[in-house]
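I opened the file today to see how the chain is built.

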Amino acid sequence: TLFRSPLIMSASHLVNRQISLSDHVDAALRNLCERTGYTGYISILDNQEILVLRVIHGRQALPIITWPGSRSPAWGTSTGRALLARFSDRQLHDFFASPQVVSQLSGTTQDVSMLAASVARTRDAGYATAVNESVADTASVSCAVGDPTTQEAIAFCLSFPQQLATAEELQRIATLLKEAAITIARKTGDTQVS
């Protein structure tokens, strides 16, 4: 029996490695959508923008649905801020200095130092929120997880009608998402999630 234990643990580790980060996130988010009735989104950062990969429809109707393939400025979404919170300070500086982001921010009331502070708060909290920001009358709470082996990172969020976004509900959803992120991080070896 002493010799089987490491073998079983090694086999278990290999099985977890064969399941992709996307699969882990999808399974966790489907469970959360079922539990809460809210709509779930899975997104990645692509060329300084958030790209929606998947939508899992909940029971609560949203005023506006963002469809797979949709893009938004990363700094203007909770999923974007969750992914940007994984950046080093240098990477974050380079992100905000990129011509695409400078162009996106031109003519808006957004300020880089304010946005960087928002990303820092997300890093400290382990999640990001947005209420009536890039999508009108909608609230969302997001977390991000990664796989150090593949260097990929994915954000996932629950979105719901703005009128349900009390401080208590935002915190409840944040807690559920953070628990899911921690579970996924343990499987992928992601040390940035705590």
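I began with burial: 44% of the 194 residues of the chain count as buried (under 20% relative accessible area, with exposed over 50% and partly exposed in between; 1.4 Å probe, protein chains only). I kept in mind that this is a predicted model, where local features need pLDDT of at least 70, side-chain atom pairs count only at pLDDT 80 or more, and totals for chains, interfaces and linings use all residues. Numbering starts from 1 along each chain as its sequence is written, and side-chain values use heavy atoms, without hydrogens and water.

Next I listed the elements. I found seven helices and six strands (DSSP runs numbered from the N terminus: H or I of at least four residues, E of at least two). From the N terminus they run α-α-β-β-β-α-α-α-α-β-β-β-α.

I looked up the contacts (heavy atoms within 4.5 Å). Among those between residues at least 6 apart in sequence, 59% join residues at least 24 apart.

Then I turned to strand β4, residues 128-131. Ala-128 and Ala-130 make up its covered face, Thr-129 and Val-131 its uncovered one. In a regular strand the side chains alternate between the two faces of the sheet.

Which way does β5 run against β4, parallel or antiparallel? I noted antiparallel, with four bridges joining β4 to β5, residues 138-147 (strands pair if DSSP finds at least two bridges between them). Val-131 stands opposite Ala-139 in β5. The two strands form a hairpin with six residues between them. In the turn, Asn-132 has a positive phi of about 55°.
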